[in-house]
Amino acid sequence: MSGARLVRHPSKSKSKSDKARFSESFEQWWSQYPKREGDKGNKTKTFGHYKTRLGEGNTPEGLLANLLKYARYCDETQVTGTQYVKTTTAYLNNPDNVSNPWKVNYEARQRHSGKLSLVEQVEQANAHILHPEGSGRFAGQAAFDGQGAIYDVEPEGSGEPVFDDDRPVRAEVDQCIRSG
């Protein structure tokens with residue numbers, strides 16, 4: 001085995017002729033694809049999807065024009081350079097992307113820009129608990145007896161306190177709570 005040499009198979013080695021297998025129109029399309037976080041896609045697979053779209057009756061000019069619309073859409077929605085830009089293979093794999101007008105619906109974006117956050121939605125859904133009878137006071141404040149012990153005013157109708165432990169807190173627990 002000491003005299004054995006590894007010989008590369010000529011068809012598996014990379015050469016400058018590999019670049020020649022992509023058409024000029026595809027190279028132009030590839031260079032115009034919007035920037036994304038991470039790899040934009042496998043060029044060889046993308047070229048296969050590109051040829052498929054051409055075989056469906058799309059023209060290279062039409063594919064490039066639609067790609068430029070998609071790039072503008074990404075810019076307008078502020079996703080250029082993020083992971084939310086489709087990979088090249090995902091873009092061309094879906095035939096609907098090639099016919100999509102890629103227009104931003106500003107009216108819908110405006111309508112949803114005033115949407116409540118998840119926290120606000122929870123607060124709104126629990127307003128009857130947080131602010132009973134419009135008092136503006138948190139109902140749970142009544143559960144504090146003033147000495148630090150927390151009681152449920154009426155747990156399950158039993159009248160028994162849920163938590164009644166006035167022992168001192170361990171120093172390390174107290175420090176963790178105060179520092180965090």
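Colleague: Helices here are DSSP runs of H or I, at least four residues, numbered from the N terminus. With that settled, where is D39 found?

Modeller: This is a predicted model. In it, D39 sits in the loop between helix 1 and helix 2.

Colleague: Is D39 buried or exposed?

Modeller: D39 has a relative accessible area of 58%. Exposed means over 50%, so D39 counts as exposed.

Colleague: What separates the C-alpha atoms of D39 and Q83?

Modeller: A distance of 9.4 Å, although D39 and Q83 are 44 residues apart along the chain.

Colleague: Stepping back, how many helices and strands does the protein have?

Modeller: Nine helices and zero strands. Along the sequence the pattern reads α-α-α-α-α-α-α-α-α.

Colleague: And what share of the 180 residues is buried?

Modeller: Buried residues come to 19% of the 180. As for contacts with a separation of 6 or more, 57% are between residues 24 or more positions apart.

Colleague: Back to the helices. At what angle do the axes of helix 1 and helix 2 cross?

Modeller: Roughly 115°, and the two axes come within 11 Å. Helix 1 covers residues 24-31 and helix 2 covers residues 43-55. The crossing of helix 1 past helix 2 is right-handed.

Colleague: Which residues make the contact?

Modeller: Helix 1 supplies S25, F26, E27, W29 and W30, while helix 2 supplies K43, T46, F47 and Y50. Sorted by class, that contact has five nonpolar residues, two polar and two charged.

Colleague: Which residues of helix 1 are buried?

Modeller: F26, W29 and W30. They lie on the same side of helix 1, because they cover an arc of only 100° around its axis.

Colleague: What covers them?

Modeller: The cover over the buried residues of helix 1 includes helix 2, helix 3 and helix 4.

Colleague: Now helix 2. How far does it reach from its first C-alpha to its last?

Modeller: Helix 2 spans 18 Å with 13 residues, close to the 18 Å expected at 1.5 Å a residue.

Colleague: Which of its residues are buried in helix 2?

Modeller: T46, F47, Y50 and R53. Their arc around the axis is only 115°, so these residues are on the same side of helix 2. K45 and G55 are exposed on the other side.

Colleague: What do the buried residues of helix 2 pack against?

Modeller: They pack against helix 1, helix 3 (60-76), helix 4 (88-93) and helix 5 (95-99).

Colleague: Then helix 3. How many residues does it have?

Modeller: Helix 3 has 17 residues. From first C-alpha to last it reaches 24 Å, close to the 24 Å expected at 1.5 Å a residue.

Colleague: Which residues are buried in helix 3?

Modeller: L63, L64, N66, L67, Y70, A71 and C74. Viewed down the axis, they fall within an arc of 165°, so they line one face of helix 3.

Colleague: And what is packed against those buried residues of helix 3?

Modeller: Helix 1, helix 2, helix 4 and helix 5.

Colleague: Last one. Which residue takes a positive phi just after helix 3?

Modeller: Q78, where phi is about 60°.

Methods: Residues are numbered from 1 along each chain as its sequence is written. This is a predicted model: local features need pLDDT of at least 70, side-chain atom pairs count only at pLDDT 80 or more; totals for chains, interfaces and linings use all residues. Side-chain values use heavy atoms; hydrogens and water are left out. Axes are lines fitted to C-alpha atoms, for helices over the stretch in contact, and angles run from 0 to 180 degrees between N-to-C directions. Helices (H or I, at least four residues) and strands (E, at least two) are DSSP runs, numbered from the N terminus. A crossing is left-handed if the near helix is turned anticlockwise from the far one by less than a right angle, and right-handed if clockwise. Contact means heavy atoms within 4.5 Å. Ala, Val, Leu, Ile, Met, Phe, Trp, Tyr, Cys and Pro count as nonpolar, Asp, Glu, Lys and Arg as charged, and the others, Gly among them, as polar. The expected span of a helix is 1.5 Å times one less than its number of residues. Buried means under 20% relative accessible area, exposed over 50%, partly exposed in between (1.4 Å probe, protein chains only). The arc is that of the directions from the helix axis to the C-beta atoms.
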